[in-house]
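Here is a short report on a structure. Please look at the model first, then read on.

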Amino acid sequence: AARIIQNMDPTADPCKDFYQYACGGWLNRHVIPETSSRYSIFDILRDELEIILKGVLETSDQGDREAFQKAKILYKSCMNESLIEQRDSLPLLEALRMVGDWPVASADWNKTKEANWSMEEKLSIMNSRFNKRVLIDMFVWNDDRDSSRHIIYIDQPSLGMPSRDYYFNGGNYQRVREAYLQFMITIAKMIREDKNISKDDSFVQEEMAKVMELETEIAN
């Protein structure tokens, strides 16, 4: 109650400016940071929580439960920027190898390397190992009909861009669409270079145009 009163401005007439009456105290004591587009009590709580979490994650993991150890390992791996720079594109190339490679970044993709290649298996690897949902989304969550149990949900995954509007509308959507396609082309060229595959810009552009066409059909 005290915090709510503190965030109000009782000197304002609620019949003339209810917003100032309800939020005036907050507005007088807080300025939106330059790094934020909004600022509320939830943003303050998030910032305070992140400071606490940072302290927890940087403590020794001796004697921790397995879940805490994993969280600290993940945090340390993200903070080790020198190792990230040293590994360069190797983690991405390894990920591509695990799912059967990428046609646009492979010299002999049509030659079957795995006798028992299975799309179902590769989709499950993308989901379980890399948290990436392709074509279908599958996850475990509380049962809407019985909250005491968990069930498997199957859903449509998110698109490469934020919504289907980006695939069909003009104006700014079209500019983002063009930049998205160019981004894919750039990444494909970089991977081909890292794999020492000959330069073929026209081939890369044709293949990425096909990817864009497929995404557009899925969005439709």
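## Lysine 54 and its partner

Lysine 54 has a relative accessible area of 42%, so this residue is partly exposed. Buried means under 20% relative accessible area, exposed over 50%, and partly exposed in between, with a 1.4 Å probe and protein chains only. The side chain of lysine 54 meets that of glutamate 58 in a salt bridge, 2.9 Å from N to O. A salt bridge here is a side-chain nitrogen of Lys or Arg within 4 Å of a carboxyl oxygen of Asp or Glu. Glutamate 58 is partly exposed too, at 46% relative accessible area.

This is a predicted model: local features need pLDDT of at least 70, side-chain atom pairs count only at pLDDT 80 or more, and totals for chains, interfaces and linings use all residues. Residues are numbered from 1 along each chain as its sequence is written, and side-chain values use heavy atoms, without hydrogens and water.

## Where H3 meets H4

Helix H3 spans residues 41-57 and helix H4 residues 66-79. Helices (H or I, at least four residues) and strands (E, at least two) are DSSP runs, numbered from the N terminus. The two axes come within 10 Å and cross at roughly 100°. Axes are lines fitted to C-alpha atoms, for helices over the stretch in contact, and angles run from 0 to 180 degrees between N-to-C directions. H3 and H4 are therefore roughly perpendicular, a label for angles of 65 to 115 degrees. On H3, the contact (heavy atoms within 4.5 Å) uses Lys54, Val56 and Leu57. On H4, Ala71, Lys72 and Tyr75 take part.

## Other salt bridges

How many salt bridges does a search of the whole structure find? The search finds 13. One of them joins lysine 199 and aspartate 201, with the closest N and O atoms 3.9 Å apart. Lysine 199 is exposed at 73%; aspartate 201 is partly exposed at 28%.

Glutamate 207 and lysine 210 also pair, at 3.3 Å from N to O. They sit three residues apart in helix H10, so about one helical turn separates them. Elsewhere, salt bridges with shared partners link Arg38, Asp43, Arg46 and Asp47 into one network.

Conventions. Angles under 35 degrees count as roughly parallel, over 145 as roughly antiparallel, 65 to 115 as roughly perpendicular and the rest as oblique.
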